[in-house]
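Open the model in your viewer and keep the selection tool at hand. The tour below goes from one selection to the next.

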Amino acid sequence: MTILGGVDIGGTKCALVVGRATGDRVDVLGKRSYPTPESPEAAVRSFAKGLESLRGELGLTGFDAVGVSCGSPLDSRRGWILSPPNLPHWDRVDAVAPLKAAFRSPVGLQNDANACALAEWKWGAGRGCRNMIFLTFGTGMGAGLILDGKLYSGTSDMAGEVGHVRLEPDGPVGYGKAGSFEGFCSGGGIAAFARSVAEASLREGRPTAFCSSLEQLPQISARSVGEAARAGDPAALDIYRVAGRKLGQALALLVDILNPERIVIGSIYGRQRELLEPYALEVLEREALPGALRACEIVPAELGESVGDLASLSVAMDAFMHTGG
(Lines give C-alpha, C1' and ligand atoms only; values in the text may rest on other atoms or scores of the structure.)
Protein backbone atom coordinates (compact mmCIF):
# COMPACT_ATOMS: atom_id res chain seq x y z
CA MET A 1 0.00 0.00 0.00
CA THR A 2 1.37 3.41 -1.02
CA ILE A 3 -0.01 6.70 0.31
CA LEU A 4 0.18 9.46 -2.30
CA GLY A 5 -0.42 13.20 -2.28
CA GLY A 6 -1.34 15.10 -5.42
CA VAL A 7 -1.48 18.75 -6.46
CA ASP A 8 -3.22 19.86 -9.66
CA ILE A 9 -2.49 23.50 -10.52
CA GLY A 10 -4.94 25.31 -12.79
CA GLY A 11 -5.34 28.90 -13.88
CA THR A 12 -8.46 29.41 -11.79
CA LYS A 13 -8.41 26.60 -9.22
CA CYS A 14 -6.09 24.17 -7.53
CA ALA A 15 -7.00 20.68 -6.37
CA LEU A 16 -5.30 18.67 -3.64
CA VAL A 17 -5.81 14.90 -3.58
CA VAL A 18 -4.79 12.11 -1.25
CA GLY A 19 -4.89 8.55 -2.54
CA ARG A 20 -3.96 5.00 -1.68
CA ALA A 21 -2.39 2.80 -4.37
CA THR A 22 -2.53 -0.98 -4.04
CA GLY A 23 -1.38 -3.20 -6.89
CA ASP A 24 -2.91 -1.92 -10.14
CA ARG A 25 -5.62 0.20 -8.52
CA VAL A 26 -5.84 3.48 -6.67
CA ASP A 27 -8.49 4.91 -4.34
CA VAL A 28 -9.00 8.61 -3.71
CA LEU A 29 -9.24 9.08 0.06
CA GLY A 30 -9.75 12.83 0.17
CA LYS A 31 -9.86 15.91 -2.04
CA ARG A 32 -9.94 19.67 -1.63
CA SER A 33 -10.33 22.40 -4.28
CA TYR A 34 -9.90 26.16 -3.92
CA PRO A 35 -9.28 29.22 -6.12
CA THR A 36 -5.68 29.55 -7.28
CA PRO A 37 -4.00 32.19 -5.10
CA GLU A 38 -2.87 35.31 -6.95
CA SER A 39 0.69 35.00 -5.69
CA PRO A 40 2.69 31.95 -6.85
CA GLU A 41 4.55 31.95 -3.54
CA ALA A 42 1.26 31.91 -1.61
CA ALA A 43 -0.02 29.11 -3.85
CA VAL A 44 3.03 26.93 -3.24
CA ARG A 45 2.73 27.49 0.51
CA SER A 46 -0.92 26.48 0.32
CA PHE A 47 -0.07 23.12 -1.27
CA ALA A 48 1.95 21.85 1.67
CA LYS A 49 -0.45 23.32 4.20
CA GLY A 50 -3.52 21.88 2.47
CA LEU A 51 -2.03 18.41 2.00
CA GLU A 52 -0.92 18.37 5.63
CA SER A 53 -4.47 19.28 6.68
CA LEU A 54 -5.99 16.54 4.51
CA ARG A 55 -3.45 14.04 5.82
CA GLY A 56 -4.45 14.87 9.39
CA GLU A 57 -8.16 14.61 8.67
CA LEU A 58 -7.62 11.15 7.19
CA GLY A 59 -5.49 9.97 10.10
CA LEU A 60 -2.44 9.26 7.94
CA THR A 61 1.11 9.52 9.21
CA GLY A 62 2.72 10.80 5.99
CA PHE A 63 3.10 10.48 2.23
CA ASP A 64 5.25 7.98 0.37
CA ALA A 65 5.42 10.49 -2.50
CA VAL A 66 3.76 13.65 -3.80
CA GLY A 67 3.00 14.56 -7.42
CA VAL A 68 2.32 17.93 -9.04
CA SER A 69 0.48 18.35 -12.35
CA CYS A 70 0.52 21.69 -14.18
CA GLY A 71 0.29 23.08 -17.70
CA SER A 72 3.40 23.49 -19.86
CA PRO A 73 6.01 24.80 -20.15
CA LEU A 74 7.91 23.52 -17.15
CA ASP A 75 11.22 21.98 -16.15
CA SER A 76 10.44 18.65 -14.52
CA ARG A 77 14.06 17.99 -13.57
CA ARG A 78 14.45 21.23 -11.62
CA GLY A 79 10.84 21.26 -10.47
CA TRP A 80 10.15 24.66 -12.03
CA ILE A 81 6.94 26.01 -13.56
CA LEU A 82 7.84 28.31 -16.47
CA SER A 83 4.98 30.74 -17.17
CA PRO A 84 2.31 28.50 -18.73
CA PRO A 85 -0.42 30.42 -20.62
CA ASN A 86 -2.95 30.00 -17.79
CA LEU A 87 -0.35 31.02 -15.16
CA PRO A 88 1.61 33.80 -16.89
CA HIS A 89 3.23 35.17 -13.72
CA TRP A 90 4.62 31.82 -12.61
CA ASP A 91 8.13 32.31 -13.95
CA ARG A 92 10.67 29.79 -12.62
CA VAL A 93 8.46 28.94 -9.67
CA ASP A 94 9.84 25.99 -7.72
CA ALA A 95 6.83 23.80 -6.97
CA VAL A 96 8.85 20.79 -5.81
CA ALA A 97 11.44 21.84 -3.20
CA PRO A 98 8.90 23.20 -0.66
CA LEU A 99 6.91 19.95 -0.80
CA LYS A 100 10.07 17.86 -0.41
CA ALA A 101 11.01 19.90 2.62
CA ALA A 102 7.53 19.65 4.12
CA PHE A 103 7.02 15.90 3.70
CA ARG A 104 10.56 14.51 3.32
CA SER A 105 9.37 12.28 0.50
CA PRO A 106 9.93 12.07 -3.28
CA VAL A 107 8.10 14.77 -5.25
CA GLY A 108 7.51 14.79 -9.02
CA LEU A 109 6.34 17.48 -11.44
CA GLN A 110 4.84 16.81 -14.88
CA ASN A 111 2.70 18.66 -17.39
CA ASP A 112 -0.96 17.72 -17.48
CA ALA A 113 -0.74 15.59 -20.66
CA ASN A 114 2.12 13.54 -19.21
CA ALA A 115 0.30 13.23 -15.90
CA CYS A 116 -2.85 11.94 -17.60
CA ALA A 117 -0.74 9.54 -19.67
CA LEU A 118 0.78 8.13 -16.48
CA ALA A 119 -2.68 7.77 -14.92
CA GLU A 120 -4.12 5.90 -17.92
CA TRP A 121 -0.99 3.75 -18.12
CA LYS A 122 -0.96 2.80 -14.44
CA TRP A 123 -4.70 2.58 -13.72
CA GLY A 124 -6.66 2.97 -16.96
CA ALA A 125 -6.78 1.91 -20.61
CA GLY A 126 -2.99 1.64 -20.90
CA ARG A 127 -2.46 -0.98 -18.19
CA GLY A 128 0.02 -3.64 -19.21
CA CYS A 129 1.61 -1.67 -22.06
CA ARG A 130 5.29 -0.91 -22.52
CA ASN A 131 4.70 1.51 -25.41
CA MET A 132 1.62 3.72 -25.18
CA ILE A 133 0.58 7.13 -26.43
CA PHE A 134 -2.09 9.17 -24.67
CA LEU A 135 -3.84 11.93 -26.64
CA THR A 136 -5.71 14.53 -24.59
CA PHE A 137 -8.28 15.59 -27.27
CA GLY A 138 -9.87 18.07 -24.85
CA THR A 139 -9.83 21.85 -25.01
CA GLY A 140 -6.47 21.39 -26.74
CA MET A 141 -4.52 18.49 -28.22
CA GLY A 142 -1.40 17.18 -26.55
CA ALA A 143 0.21 13.82 -25.98
CA GLY A 144 1.93 11.90 -23.23
CA LEU A 145 4.41 9.24 -24.36
CA ILE A 146 5.14 6.01 -22.49
CA LEU A 147 8.09 4.44 -24.32
CA ASP A 148 9.85 1.23 -23.31
CA GLY A 149 8.02 1.16 -20.00
CA LYS A 150 8.65 4.72 -18.85
CA LEU A 151 7.49 8.26 -19.44
CA TYR A 152 9.41 10.06 -22.17
CA SER A 153 9.36 13.84 -21.70
CA GLY A 154 12.17 14.84 -24.08
CA THR A 155 15.27 16.99 -23.70
CA SER A 156 13.39 20.06 -22.47
CA ASP A 157 9.99 18.64 -21.43
CA MET A 158 8.56 19.39 -24.89
CA ALA A 159 8.00 15.81 -26.10
CA GLY A 160 4.42 15.05 -27.08
CA GLU A 161 3.41 18.49 -28.36
CA VAL A 162 1.58 16.85 -31.26
CA GLY A 163 -1.06 19.58 -31.46
CA HIS A 164 1.53 21.83 -33.09
CA VAL A 165 2.03 19.50 -36.08
CA ARG A 166 0.63 21.05 -39.26
CA LEU A 167 -1.66 18.69 -41.17
CA GLU A 168 -2.77 21.13 -43.88
CA PRO A 169 -1.34 24.39 -45.31
CA ASP A 170 -4.44 26.18 -44.03
CA GLY A 171 -7.39 25.42 -41.79
CA PRO A 172 -8.67 26.05 -38.26
CA VAL A 173 -6.10 27.50 -35.90
CA GLY A 174 -4.80 25.53 -32.94
CA TYR A 175 -1.60 26.01 -31.01
CA GLY A 176 -1.17 29.31 -32.88
CA LYS A 177 -0.87 27.51 -36.21
CA ALA A 178 -3.46 27.27 -38.98
CA GLY A 179 -4.13 23.74 -40.20
CA SER A 180 -2.57 22.15 -37.10
CA PHE A 181 -3.61 18.88 -35.50
CA GLU A 182 -5.01 20.87 -32.55
CA GLY A 183 -6.89 23.12 -34.98
CA PHE A 184 -8.76 20.14 -36.41
CA CYS A 185 -8.92 17.89 -33.34
CA SER A 186 -9.64 19.72 -30.09
CA GLY A 187 -12.62 21.30 -28.40
CA GLY A 188 -11.37 24.77 -29.26
CA GLY A 189 -10.48 23.80 -32.82
CA ILE A 190 -13.77 22.07 -33.61
CA ALA A 191 -15.71 25.03 -32.19
CA ALA A 192 -13.67 27.52 -34.26
CA PHE A 193 -14.10 25.44 -37.41
CA ALA A 194 -17.83 25.16 -36.74
CA ARG A 195 -18.15 28.93 -36.25
CA SER A 196 -16.59 29.57 -39.66
CA VAL A 197 -18.91 27.00 -41.28
CA ALA A 198 -21.98 28.38 -39.51
CA GLU A 199 -21.17 32.00 -40.40
CA ALA A 200 -20.71 31.15 -44.09
CA SER A 201 -23.97 29.15 -44.08
CA LEU A 202 -25.90 31.96 -42.38
CA ARG A 203 -24.68 34.52 -44.90
CA GLU A 204 -26.00 32.25 -47.62
CA GLY A 205 -29.35 31.98 -45.83
CA ARG A 206 -28.81 28.39 -44.65
CA PRO A 207 -28.88 28.17 -40.84
CA THR A 208 -27.48 25.04 -39.21
CA ALA A 209 -28.98 23.03 -36.38
CA PHE A 210 -26.18 24.20 -34.06
CA CYS A 211 -26.42 27.89 -34.98
CA SER A 212 -29.49 29.69 -36.31
CA SER A 213 -28.27 33.31 -36.03
CA LEU A 214 -25.05 35.31 -36.06
CA GLU A 215 -25.62 36.16 -32.39
CA GLN A 216 -25.27 32.46 -31.51
CA LEU A 217 -21.82 32.08 -33.06
CA PRO A 218 -19.92 32.63 -29.78
CA GLN A 219 -21.94 29.89 -28.06
CA ILE A 220 -20.91 27.15 -30.50
CA SER A 221 -18.96 24.33 -28.84
CA ALA A 222 -17.67 20.91 -29.85
CA ARG A 223 -20.43 19.43 -27.70
CA SER A 224 -23.24 21.40 -29.39
CA VAL A 225 -21.91 20.48 -32.83
CA GLY A 226 -21.75 16.84 -31.75
CA GLU A 227 -25.36 16.95 -30.59
CA ALA A 228 -26.40 18.41 -33.95
CA ALA A 229 -24.43 15.74 -35.80
CA ARG A 230 -26.13 12.98 -33.84
CA ALA A 231 -29.46 14.55 -34.84
CA GLY A 232 -28.42 14.35 -38.50
CA ASP A 233 -27.45 17.95 -39.30
CA PRO A 234 -25.36 17.76 -42.53
CA ALA A 235 -23.01 20.64 -41.62
CA ALA A 236 -22.29 19.19 -38.19
CA LEU A 237 -21.73 15.72 -39.64
CA ASP A 238 -19.26 17.16 -42.13
CA ILE A 239 -17.33 18.98 -39.39
CA TYR A 240 -16.88 15.74 -37.45
CA ARG A 241 -16.05 13.89 -40.68
CA VAL A 242 -13.18 16.31 -41.26
CA ALA A 243 -12.04 16.03 -37.62
CA GLY A 244 -12.13 12.22 -37.82
CA ARG A 245 -10.06 12.12 -40.99
CA LYS A 246 -7.47 14.51 -39.58
CA LEU A 247 -7.33 12.39 -36.43
CA GLY A 248 -6.62 9.35 -38.61
CA GLN A 249 -3.91 11.26 -40.48
CA ALA A 250 -2.15 12.17 -37.23
CA LEU A 251 -2.59 8.68 -35.78
CA ALA A 252 -0.87 7.23 -38.85
CA LEU A 253 2.15 9.47 -38.24
CA LEU A 254 2.33 8.38 -34.60
CA VAL A 255 1.95 4.70 -35.46
CA ASP A 256 4.68 4.86 -38.12
CA ILE A 257 7.15 6.89 -36.04
CA LEU A 258 6.71 5.38 -32.56
CA ASN A 259 5.28 1.89 -33.24
CA PRO A 260 3.13 1.88 -30.05
CA GLU A 261 1.06 -1.07 -28.89
CA ARG A 262 -1.79 1.19 -27.78
CA ILE A 263 -2.99 4.74 -28.40
CA VAL A 264 -5.40 5.94 -25.73
CA ILE A 265 -7.52 8.94 -26.67
CA GLY A 266 -9.27 11.06 -24.07
CA SER A 267 -12.18 13.42 -23.60
CA ILE A 268 -13.97 14.30 -26.88
CA TYR A 269 -13.02 11.02 -28.56
CA GLY A 270 -14.85 9.00 -25.94
CA ARG A 271 -17.92 11.24 -26.05
CA GLN A 272 -18.09 11.44 -29.86
CA ARG A 273 -16.51 8.13 -30.79
CA GLU A 274 -19.22 7.02 -33.22
CA LEU A 275 -18.82 10.28 -35.16
CA LEU A 276 -15.01 10.18 -35.30
CA GLU A 277 -13.86 6.58 -35.29
CA PRO A 278 -15.04 5.35 -38.72
CA TYR A 279 -13.28 8.19 -40.56
CA ALA A 280 -10.18 8.03 -38.36
CA LEU A 281 -9.74 4.30 -38.91
CA GLU A 282 -10.39 4.61 -42.64
CA VAL A 283 -7.51 7.05 -43.03
CA LEU A 284 -5.30 5.24 -40.52
CA GLU A 285 -5.63 1.93 -42.37
CA ARG A 286 -4.81 3.62 -45.66
CA GLU A 287 -1.83 5.64 -44.41
CA ALA A 288 -0.03 3.62 -41.71
CA LEU A 289 2.48 0.85 -42.25
CA PRO A 290 0.49 -2.42 -42.03
CA GLY A 291 2.94 -4.14 -39.68
CA ALA A 292 2.99 -1.22 -37.25
CA LEU A 293 -0.79 -0.84 -37.40
CA ARG A 294 -1.40 -4.55 -36.69
CA ALA A 295 0.59 -4.15 -33.47
CA CYS A 296 -1.44 -1.15 -32.26
CA GLU A 297 -4.86 -0.75 -30.65
CA ILE A 298 -6.76 2.57 -30.72
CA VAL A 299 -8.95 2.84 -27.61
CA PRO A 300 -10.83 5.52 -25.65
CA ALA A 301 -9.53 6.56 -22.25
CA GLU A 302 -10.98 4.66 -19.29
CA LEU A 303 -10.65 7.07 -16.38
CA GLY A 304 -13.15 9.64 -17.63
CA GLU A 305 -13.89 12.51 -15.26
CA SER A 306 -11.70 10.99 -12.54
CA VAL A 307 -8.52 11.44 -14.60
CA GLY A 308 -8.01 14.95 -13.17
CA ASP A 309 -7.84 13.57 -9.63
CA LEU A 310 -5.67 10.61 -10.58
CA ALA A 311 -3.22 12.49 -12.79
CA SER A 312 -1.30 14.15 -9.97
CA LEU A 313 -1.39 10.90 -7.96
CA SER A 314 0.14 9.07 -10.92
CA VAL A 315 3.00 11.60 -10.95
CA ALA A 316 3.51 10.85 -7.27
CA MET A 317 3.50 7.12 -7.98
CA ASP A 318 6.04 7.60 -10.77
CA ALA A 319 8.30 9.60 -8.44
CA PHE A 320 7.96 6.87 -5.79
CA MET A 321 8.87 4.10 -8.25
CA HIS A 322 11.92 6.00 -9.48
CA THR A 323 13.33 6.27 -5.97
CA GLY A 324 13.27 2.53 -5.43
CA GLY A 325 9.82 2.33 -3.91
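Is Pro106 buried, partly exposed or exposed? This is a predicted model, and in it Pro106 has a relative accessible area of 21%. Buried means under 20%, so Pro106 counts as partly exposed. Select Pro106 and you will find it in the loop between α2 and β8 (107-111).

Next, select Phe63 and Phe103. A search of the whole structure finds one aromatic pair, and these two residues form it: their ring centres are 5.1 Å apart and their planes stand at 90°. Planes over 60 degrees apart count as edge-to-face, so that is the class of this pair. Phe63 belongs to the loop between α1 (40-57) and β4 (65-70), while Phe103 is in helix α2 (residues 97-103). The pair thus links distant parts of the chain, 40 residues apart. Both Phe63 and Phe103 are buried.

Move on to Lys246 and Phe184. The charged end of Lys246 sits over the ring of Phe184, at 5.4 Å from the ring centre.

Last, select residues 234-258, which are helix α7, and residues 273-287, which are helix α9. How far apart are the axes of these two helices? The distance is 7 Å, and the helices pack at an angle of about 40°. α7 and α9 are therefore oblique to each other. Their crossing is right-handed. Sorted by class, the residues in the contact of α7 with α9 are 13 nonpolar, three polar and four charged.

Note on methods:
Residues numbered from 1 in each chain as written. Predicted model: local features only at pLDDT ≥ 70, side-chain atom pairs only at ≥ 80, totals over all residues. Heavy atoms only, no water. Axes fitted to C-alpha atoms, helices over the stretch in contact; angles between N-to-C directions. Helix = DSSP H or I, 4+ residues; strand = E, 2+ residues; numbered from the N terminus. Parallel < 35°, antiparallel > 145°, perpendicular 65-115°, else oblique. Left-handed = near helix turned anticlockwise from the far one by under 90°. Nonpolar A, V, L, I, M, F, W, Y, C, P; charged D, E, K, R; others polar. Phe/Tyr/Trp six-rings, centres within 6.5 Å; stacked < 30°, edge-to-face > 60°. Buried < 20%, exposed > 50% of the residue type's maximum accessible area, 1.4 Å probe, protein only. Lys NZ or Arg CZ within 6 Å of the ring centre and 35° of its normal.
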